[in-house]
Amino acid sequence: MFLSCGKVFLRTCVAGSRHVTGRPLAGVCASHVCTHSSDGLTLRGSSAARGFLRLKMAQSSLDSVRGASTGTLVVTEPLNFWAGKRVKPRQQTNPEPVFEPATGRVLCQLYPCGAEEVDEAIKSAHSAYLQWSKLAGTERARVMLEAARIIRERRDNIAKLEVINNGKSISEALVDIDIAWQSVEYYAGLAGALAGQHVQLPGGAFAYTRREPLGVCVGIGAFNYPFQIATWKSAPALACGNAMVFKPSPMTPVTAVLLAEIYKEAGVPDGLFNVVQGGAETGSLLCQHPMVAKVTFTGSVPTGKKVMEMSSKGVKHVTLELGGKSPLIIFKDGDFENAVKGALMANFLTQGQVCCNGTRVFVQRDIMPKFLEEVVKRTKAIPVGDPLLESTRMGAMISKPQMEKALRYVAQAKKEGARVLCGGEPYVSSDPKLKDGYFMSPCVLDNCTDNMTCVKEEIFGPVMSVLPFDTEEEVIARANNTTYGLASGVFTRDISRAHRVAANLEAGTCFINNYNISPVEVPFGGYKMSGFGRENGQVTMEYFSQLKTVIVEMGDVESVF
Ligand SMILES: NC(=O)C1=CN([C@@H]2O[C@H](COP(=O)(O)OP(=O)(O)OC[C@H]3O[C@@H](n4cnc5c(N)ncnc54)[C@H](O)[C@@H]3O)[C@@H](O)[C@H]2O)C=CC1
Ligand SMILES: C[N+](C)(C)CCCC(=O)O
């Protein structure tokens, strides 16, 4: 599989050295000699003697990702995928560097797709849609079950690649990939269950409804759950008979293409699931393309508004999964131990870069001192560091600007009178290879009030704001006092209160006595400015299909003319 290229690299093999996606590698790399295949990943060993090992990104070589460690991988394989294969970028100018967050090193280069490439991908999706939509739901299910099986089989290596590109800890990434295959498996199960309704009409006439696919759907993803978002969007789309063109975040481009390869291997027609790389410009081209029937978007509110506006020009269906500033309400009668664990789960997964995080933690006044003591103790004990180590629980943030933004929020909170009980600082590891990584220590803020910036705005970083409350009525009003409405949570042992609070919170999800679990069987999505439409659950089949009514006359036409 591996061909020796025989070239000596001319680039220095230090943090920041650049290997250009899609270009033949011919650069300096100290005294390393490389071996490489015609496509794949380059694994950079720490010792000159080991040199370079080029890994192919198909099944057998994805296995070799197992040998990679933080700071060793360079991705050179084209990351676009349409018409059943990886596609090299047409223009190899103005590349955007993609970083490995744990080291600040360049992982690969991103070449955004232009209008012609977007058009090619959409056309290939359309021709696949014409075949796929004609299959029986159970036939689609069989292919999707095979895809779920392959994801499960490659779980460890997909997770590893996700960690290298995203910075989150391997313990979390493994769970993300599990949720990903579960999503594909779940929607496979629903593919054969698409059905309409039969309606009896007077005089023996009747009508029936059919659930039909929409056509070509576009998925646009955020950086925080790159592979999982691609499955959450594609699984229900494909189950309903649609095709998809997916654009990952330009910061996390490397794993979506693995999903495209897996779907192909499982037996979908060429073009059914495609990946185009790029940022805002490529995203806009997708939203405006006349052959696109639906756009499903995960990202920030400002971008979501633009996506909706562009899609409205073509009267396209839209699903928006946007940001949040979710409340977590802890009553004094709640199970204390679980409430503390719930608060940590609500704030520190994926370095706090989670849209449904419960970042406003309302704690009933009587238990506030005890709660703060325990939550701070456990926050300080979170192992931050190399995300590929099994013991790590918090990795690196996605980018330097994202980390700096979160640190600015902490500084602003202090200025506005909040007290930093722990963290909120750049984290410098003793491991030299992590010295340029984007690490921040998880932070708990006390003495917060509802009008502070840290309590009002989505930080998208590991920052928990804790607020005292006295009564149920008061806390519900305060919890709802936000333009967002993605999620919410309540800890209490009082069953009536739990359901009353859940009913009164203005949010698409309410967790009772837990937080941030995501079973694929239940719908997920927002109220208010957190968006609309749903992902996961049976209802999402409705968001990826349209209803046709067929009316059947059994008698004569009664004409008024
Ligand atoms: N509700 C949810 O399920 C989730 C929401 N989010 C939200 O996303 C934000 C962070 O993610 P980011 O990736 O920084 O968000 P973002 O809004 O900057 O980007 C999201 C995606 O939109 C694309 N995009 C940017 N401009 C575009 C345009 N004009 N037209 C079409 N596409 C465009 C980006 O390239 C990226 O793929 C946070 O605010 C967070 O709350 C993140 C994850 C999940
Ligand atoms: C998986 N979960 C529930 C922690 C987060 C999913 C939503 C997102 O993409 O931020």
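These entries go from the whole protein down to one helix.

Entry 1. I noted at the start that this is a predicted model.

Entry 2. I checked the UniProt record, an unreviewed entry, and found "domain: Aldehyde dehydrogenase" listed for residues 94-550. I then looked at that span in the model: it is 40% helix and 19% strand, and its end C-alpha atoms are 52 Å apart.

Entry 3. Next I looked up how the protein is divided. Domain 1 takes in 32-73 + 80-321, and domain 2 runs over 327-525. I found their C-alpha centres 30 Å apart. Where they touch, domain 1 brings 25 residues and domain 2 brings 27 residues.

Entry 4. Which helices each supply at least two residues of the side of domain 1 that touches domain 2? I found helix H4 (155-166) and helix H5 (170-191). H5 gives the most to this side, with 7 residues. Sorting the residues of that side of domain 1, I got 9 nonpolar, 12 polar and 4 charged.

Entry 5. I ended with helix H14, residues 472-479, where I saw that Val475, Ile476 and Ala479 are buried. Why do they lie on the same side of H14? They cover an arc of only 100 degrees around the axis, so they share a side. On the face turned away from the buried side of H14, I found the exposed residues Glu473, Glu474 and Ala477.

How values were computed
Residues are numbered from 1 along each chain as its sequence is written. Chains are lettered from A and ligands numbered from 1 in the order in which they are written. This is a predicted model: local features need pLDDT of at least 70, side-chain atom pairs count only at pLDDT 80 or more; totals for chains, interfaces and linings use all residues. UniProt positions are given in the numbering used here, feature names are shortened, and annotations may be inferred rather than shown by experiment. Helices (H or I, at least four residues) and strands (E, at least two) are DSSP runs, numbered from the N terminus. Domain bounds come from an automatic or database domain assignment. Two residues are in contact if their C-beta atoms, placed from the backbone, lie within 7 Å. Ala, Val, Leu, Ile, Met, Phe, Trp, Tyr, Cys and Pro count as nonpolar, Asp, Glu, Lys and Arg as charged, and the others, Gly among them, as polar. A residue is buried if 20 or more other C-beta atoms lie within 10 Å of its own, exposed if 12 or fewer, and partly exposed in between; C-beta atoms are placed from the backbone. The arc is that of the directions from the helix axis to the C-beta atoms.
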